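Here is a briefing on one structure.

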Amino acid sequence: MILELTALTAQFPIFFSLIASVVGACVGSFLNVIISRVPQGLSIVTPGSHCDCGKSIAWYDNIPIISWIILKGRGRCCGTPIGLRHPCIEILTAFIFFFIWNHMTPDHAFCGWVFASALIAAAFIDLEHMVIPDFLTLGLGALGVILSGLVPTLHGQHEGLFVLDSLRSIEASLLGIFIGSGLLFWIAMLSAAALKKDAMGLGDVKFIGAIGAFCGWKGTLFSIFGGAFLGAIAISLVILIRKIRPSNNTTAGNTLSNPIPFGPMLALAGLLYFASLQIQIDHWFTTWAELF
Ligand SMILES: [Zn+2]
């Protein structure tokens, strides 16, 4: 069936790319609901979409990206501003779904969509609340192992016999969880001992495990060190902005004194690995391993 679907998508590439983008925009709209409601402990199913004033939102005012533009970012009922975050996440998700669809086989791309959606939700919840809910860390990790068994190409296994490929893929997924979480756990414990304060939450340790379930151990190592590199750039930018605009101390000052969440950096690095850099990074690791 996968082969048939691959052949079909190859015949109508533009049509299926468009579908992928639309699915991405709709999933992005749902991710907005998760990001707004889950940290408050609210249900993501009921009530349906509603404005801050309590009125429910009609379907034609709830079309991803388009409705926000038509309504100029304000609710139709009362004019309450709808954050720019909403269309941005919808556009971001649409683009990522489009990109993943065009670079992978349909089954592999579907796993990528699941992975990317969870990363986006986790990153934005972590940015706002400095916490990542368990279903986006432990839940995503468990799902990663299951999907690795079903789609062995996730870990480059496509030798032939499905059962063998599947078992090898699950093994690679588990290895990713334990090497990623184990390494980050030790980095967190050692830095906590050295700095005499908690530098990193256990949420990040669980989260890198979930990334490992989809990306394997090479992907987790890249995510930890790539994430730290991205974090260093983010901190430098914050310091630079503070230097350029010293008058704006109330917001910029707070940003730097508050701890910077590591989750979004891990998510970005993990997604870069999964969607585009895997071949180069794996090649680099193999070359490096041959030296020993
Ligand atoms: Zn309203």
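Ile 65 sits in the loop between α2 and α3. Its phi is near 65 degrees, a positive value in a residue other than glycine. This is a predicted model: local features need pLDDT of at least 70, side-chain atom pairs count only at pLDDT 80 or more, and totals for chains, interfaces and linings use all residues. Residues are numbered from 1 along each chain as its sequence is written.

**Loops and backbone**

- Ile 65 is partly exposed, with 19 other C-beta atoms within 10 Å. A residue is buried if 20 or more other C-beta atoms lie within 10 Å of its own, exposed if 12 or fewer, and partly exposed in between; C-beta atoms are placed from the backbone.
- The loop between α2 and α3 (66-70) also holds Pro 47. A cis peptide bond joins Thr 46 and Pro 47, with omega about -10 degrees.
- Lys 72 lies in the loop between α3 and α4. Its phi is near 50 degrees, again positive in a residue other than glycine. Lys 72 counts as exposed, with 9 C-beta neighbours inside 10 Å.
- Helices (H or I, at least four residues) are DSSP runs, numbered from the N terminus.

**Helix α2 and its crossing with α5**

- Helix α2 (residues 13-37) has 25 residues and reaches 36 Å from its first C-alpha to its last, close to the 36 Å expected at 1.5 Å a residue. The expected span is 1.5 Å times one less than the number of residues.
- Buried residues of α2 include Ala 20, Gly 24, Ala 25, Gly 28, Ser 29 and Asn 32. What covers the buried residues of α2 includes α4 (85-103) and α5.
- The axes of α2 and α5 come within 10 Å and cross at roughly 35 degrees. Axes are lines fitted to C-alpha atoms, for helices over the stretch in contact, and angles run from 0 to 180 degrees between N-to-C directions.
- The crossing of α2 and α5 is right-handed. Here right-handed means that the near helix is turned clockwise from the far one by less than a right angle.
- The contact uses Val 27, Leu 31, Ile 34 and Ile 35 of α2, and Ser 117, Ile 120, Ala 121, Phe 124 and Ile 125 of α5. Two residues are in contact if their C-beta atoms, placed from the backbone, lie within 7 Å.
- These contact residues divide into 8 nonpolar, 1 polar and no charged. Ala, Val, Leu, Ile, Met, Phe, Trp, Tyr, Cys and Pro count as nonpolar, Asp, Glu, Lys and Arg as charged, and the others, Gly among them, as polar.

**Helix α5 and Ala 123**

- The 24 residues of α5 should span 34 Å at 1.5 Å a residue, and its end C-alpha atoms are 34 Å apart, which agrees.
- Ala 123 is in helix α5. Ala 123 is buried, with 24 other C-beta atoms within 10 Å.
- Ala 123 touches Gly 263, Pro 264 and Ala 267, not counting residues up to four places away in sequence.

**Helix α6**

- Helix α6 (residues 138-150) has 13 residues and reaches 19 Å end to end between C-alpha atoms, close to the 18 Å expected.
- Leu 140, Gly 141, Gly 144, Leu 147 and Ser 148 are buried in α6. Seen down the axis, the buried residues of α6 fall within an arc of 125 degrees, so they line one face of the helix. The arc is that of the directions from the helix axis to the C-beta atoms.
- The buried residues of α6 pack against α5 (106-129), α7 (162-195) and α8 (202-244).

Key:
Helices (H or I, at least four residues) and strands (E, at least two) are DSSP runs, numbered from the N terminus.
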